[in-house]
Amino acid sequence: MPEEDLVDIKFRLYDGSDIGPFRYSATSTVDMLKQRIVSDWPKGKTIVPKAVNEVKLISSGKILENDKTVGQCKVPFGDAAGGIIIMHVVVQPSLAKTKTEKKVDDSPRKIVCSCSIL
């Protein structure tokens with residue numbers, strides 16, 4: 001594989017720390033990058049993606065689509081000139097219903113007054 005078909009990418013997390021850099025082929029998909037992020041996620045972080053679909057990659061202000069290749073996404077990156085491309089990682093956990101819904105009693109209530117009139 002020619003050297004110019006390889007791209008160095010590191011992933012910037014929410015707290016400013018990084019994963020990588022790693023070298024990827026221009027034919028690697030964004031989905032493959034996300035799989036690597038989930039598998040290499042640092043221990044001890046307060047936010048942890050549980051699945052690839054919870055991860056969004058942003059580069060040059062654009063959210064990258066899973067089916068795009070690194071080569072297709074390279075154009076907005078500009079010429080890195082042998083540098084490392086930094087992609088920002090956003091974790092959006094799925095909105096699974098983890099809360100137990102409280103039953104609300106909407107029945108009318110009888111008010112009892114214990115007043116005495118003199």
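This is a predicted model: local features need pLDDT of at least 70, side-chain atom pairs count only at pLDDT 80 or more; totals for chains, interfaces and linings use all residues.
Local features require pLDDT of at least 70 and side-chain atom pairs pLDDT 80 or more, while totals for chains, interfaces and linings use all residues. Residues are numbered from 1 along each chain as its sequence is written, and side-chain values use heavy atoms, without hydrogens and water.

Two aromatic pairs are present (rings of Phe, Tyr and Trp, the last by its six-membered ring, with centres within 6.5 Å; planes under 30 degrees apart are stacked, over 60 edge-to-face, the rest tilted). The ring centres of Phe11 and Tyr24 lie 6.3 Å apart with planes at 70°, so this pair is edge-to-face. Phe11 belongs to strand 1 (residues 6–12) and Tyr24 to strand 2 (residues 18–25), 13 residues apart; strands are DSSP runs of E of at least two residues, numbered from the N terminus. Phe22 and Tyr24 are also edge-to-face, because their centres are 6.4 Å apart and their planes at 75°. Phe11, Phe22 and Tyr24 form one aromatic cluster. Phe11 and Tyr24 are buried, as is Phe22 (buried, under 20% relative accessible area; exposed, over 50%; partly exposed, in between; 1.4 Å probe, protein chains only).

Five salt bridges were counted (a side-chain nitrogen of Lys or Arg within 4 Å of a carboxyl oxygen of Asp or Glu). Among them, Asp8 pairs with Arg23, with closest N and O atoms 2.9 Å apart; this links strand 1 to strand 2 across 15 residues. Asp40 bridges to Arg36 at 2.7 Å. Arg36 is partly exposed, at 30% relative accessible area.

Technical notes
Helices (H or I, at least four residues) and strands (E, at least two) are DSSP runs, numbered from the N terminus.
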